Amino acid sequence: MNVGAILRTCCFLGVDRVVVCKKNCAPLSPTVSKASAGAVEAFPVYSTSSSVQFVKECLSEDWHVIGASCDTPSHIKSTVIDCSKPFSISRPVLLVLGQKVPVFSLIVPSLC
């Protein structure tokens with residue numbers, strides 16, 4: 001149901017596309033569709049077999065990569081964006097959401 005909630009939120013926020021990792025994400029199913037309140041049908045959902053490679057490719061194409069995880073190691077320094085100032089997007093943005101898995105918590109945040 002978490003995937004459905006994330007897709008519902010993405011739809012509300014005007015996200016263009018969602019990319020999920022094939023091996024670490026729940027499959028798109030009727031349950032996910034119900035939890036997404038139909039948002040899963042509103043925009044394309046893509047999958048990748050390597051999150052790390054996908055992030056590296058986006059970086060090589062000058063995307064701004066922002067990572068968020070519930071368990072980021074303490075040696076990774078995070079940047080806080082001041083929301084009181086206007087936020088302008090001058091290039092494509094990739095928001096990476098992660099969970100407590102070694103690949104995300106050790107490799108992906110260092111790329112963000």
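Me: What does buried mean here, and what share of the 112 residues of the protein counts as buried?

Reply: Buried means under 20% relative accessible area, exposed means over 50%, and partly exposed lies in between (1.4 Å probe, protein chains only). Of the 112 residues in this protein, 24% count as buried. This is a predicted model, where local features need pLDDT of at least 70, side-chain atom pairs count only at pLDDT 80 or more, and totals for chains, interfaces and linings use all residues. Residues are numbered from 1 along each chain as its sequence is written, and side-chain values use heavy atoms, with hydrogens and water left out.

Me: How many helices and strands does the protein have?

Reply: Helices (H or I, at least four residues) and strands (E, at least two) are DSSP runs, numbered from the N terminus. The protein has five helices and four strands. Along the sequence they follow the pattern α-β-α-β-α-β-β-α-α.

Me: Which residues make the largest nonpolar core?

Reply: In soluble globular proteins, nonpolar side chains tend to be buried together. A nonpolar core is a set of buried Ala, Val, Leu, Ile, Met, Phe, Trp, Tyr and Cys residues joined through side-chain atoms within 4.5 Å. Here the largest has eight residues: Val3, Leu7, Cys10, Val18, Val20, Val32, Val40 and Phe43. Helix 1 and strand 1 (18-21) each supply at least two residues of this core. The largest share, three residues, comes from helix 1. Apart from this core lies another, of five residues, among them Val55, Cys58, Leu94 and Val96.

Me: What is Cys10 in contact with, beyond its neighbours within four places in sequence?

Reply: Contact means heavy atoms within 4.5 Å. With those neighbours left aside, Cys10 is in contact with Val15, Val18 and Phe43. Across the protein, take contacts between residues at least 6 apart in sequence: 85% of these join residues at least 24 apart.

Me: Where is Ala39, and is Ala39 buried or exposed?

Reply: Ala39 sits in the loop between helix 2 and strand 2. Ala39 counts as buried because its relative accessibility is 6%. Not counting residues up to four places away in sequence, Ala39 touches Leu7, Arg8 and Cys11. Ala39 and Cys11 are 28 residues apart in sequence, and 6.0 Å apart in space, C-alpha to C-alpha.

Me: Which side chain does Ser33 join through a polar contact?

Reply: A polar contact is a pair of N or O atoms within 3.5 Å; within protein, one must be able to donate a hydrogen and the other to accept it, and residues adjacent in sequence count only if both atoms are side-chain atoms. In this model, a polar contact of 3.0 Å joins the side chains of Ser33 and Glu41. Ser33 is in helix 2. Ser33 is buried, with a relative accessible area of 16%.
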